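Take a look at the picture, then follow along.

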Amino acid sequence: MKNWQRLALCAVAGMAFGVGGAVWSVRAAALGAQTVIGPWTTGSDFGTDKASRYTRAVIALRGLLALPASEARYYNAGTDDSGAPLDGKCRYRLTGGALPAKWWSVTLYDPAGYLVSNAAEIYSIGSAGLPDSEQMAWQVAIGPERVAGHWLPTSGIARFELTLRAYLPTDGGRGNFTAAQLPRLTRMGCA
């Protein structure tokens, strides 16, 4: 093989690995996450002119309308509290209390960022839908089969993610919630 052929082959291989690595990195990103808090990941530059190219790529890929941190904080979970990937065939318990925000919601998505189709047409749960008696301590079952109480259906998909949106955070979006403030996500069992 001639020297120019080796160089051309190396250049093509380098470009393929570089582009492939960049695509994998953006597709695997949890909302451009920069900070890990238990199973939750978040970034600090959503909805700002300081957003990195990486964050902008992740937001563009997922179709997320990112508000500034003073209006909404975003947290994404692709694993449970033990670090195991979220499996749609398993059952989970999401427990939490009052968050330092005006209101919040938790939405279930597939790994590509789409809502998971389900017969019950339940895609999200939020503080606005909870009775006053549950605002300080709430619980949501997550799994393929309906249970009593609040439930987010997984439809038995292989993997899923949760996105927590906290609107109008009390600190004006200047900091992240702590592990004690964020909901716990516990695997209860698998089918």
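Reading the model, step by step

Q: What does 38% relative accessibility make Ser-155: buried, partly exposed or exposed?
A: Ser-155 counts as partly exposed, because its relative accessibility is 38%. The idea is that buried means under 20% relative accessible area, exposed means over 50%, and partly exposed is in between (1.4 Å probe, protein chains only).

Q: Before we go on, what kind of model am I looking at, and how are its residues numbered?
A: It's a predicted model, where local features need pLDDT of at least 70, side-chain atom pairs count only at pLDDT 80 or more, and totals for chains, interfaces and linings use all residues. Residues are numbered from 1 along each chain as its sequence is written, and side-chain values use heavy atoms, with hydrogens and water left out.

Q: Okay, how many helices and strands does the protein chain have?
A: Helices (H or I, at least four residues) and strands (E, at least two) are DSSP runs, numbered from the N terminus. In this protein chain there are two helices and ten strands. If you walk along the sequence, the pattern reads α-β-β-α-β-β-β-β-β-β-β-β.

Q: Where is Glu-121, and what is its phi near?
A: Glu-121 is in the loop between β5 and β6. Its phi is near 55°, again positive in a residue other than glycine. Glu-121 is exposed, because its relative accessible area is 60%.

Q: Which residues does Thr-154 contact, leaving aside its neighbours within four places in sequence?
A: Contact means heavy atoms within 4.5 Å. With those neighbours left aside, Thr-154 is in contact with Gly-88, Leu-108, Val-116, Ile-142, Gly-143, Pro-144 and Phe-160. Thr-154 sits in the loop between β8 (151-153) and β9 (161-169). It counts as buried, because its relative accessibility is 0%.

Q: What does the side chain of Thr-154 reach?
A: That side chain reaches the backbone oxygen of Gly-88, at 2.6 Å.

Q: How many disulfides does the structure hold?
A: A disulfide is a pair of cysteine sulfur atoms within 2.5 Å. The structure holds one. Cys-90 and Cys-190 form it, with their sulfur atoms 1.8 Å apart. Cys-90 lies in strand β4 and Cys-190 in strand β10 (residues 184-190), so the pair ties together parts that are 100 residues apart in sequence.

Q: Why is the disulfide of Cys-90 and Cys-190 called right-handed?
A: The torsion about its S-S bond is about 95°, so the disulfide of Cys-90 and Cys-190 is right-handed.

Q: Are Cys-90 and Cys-190 buried, partly exposed or exposed, and what tells me which?
A: Check each one by its accessible area. Cys-90 counts as buried, because its relative accessibility is 1%. Cys-190 is partly exposed, because its relative accessible area is 40%.

Q: Which residues does Ser-127 contact, leaving aside its neighbours within four places in sequence?
A: Ser-127 is in contact with Trp-103, Trp-104 and Gln-135, once those neighbours are left aside. You'll find Ser-127 in the loop between β6 (124-126) and β7. At 8% relative accessibility, Ser-127 counts as buried.

Q: And Ala-98: where is it found, and what does it touch?
A: Ala-98 is in the loop between β4 and β5 (101-109). Not counting residues up to four places away in sequence, it touches Gln-135 and Met-136. Ala-98 counts as partly exposed, because its relative accessibility is 43%. Ala-98 and Gln-181 are 83 residues apart in sequence, and their C-alpha atoms are 7.8 Å apart in space.

Q: Zooming out, what share of the 191 residues of the protein chain counts as buried?
A: Of those 191 residues, 39% count as buried. As for contacts between residues at least 6 apart in sequence, 71% of them join residues at least 24 apart.

How values were computed: Polar contact = N/O pair within 3.5 Å; in protein donor to acceptor, adjacent residues only side chain to side chain.
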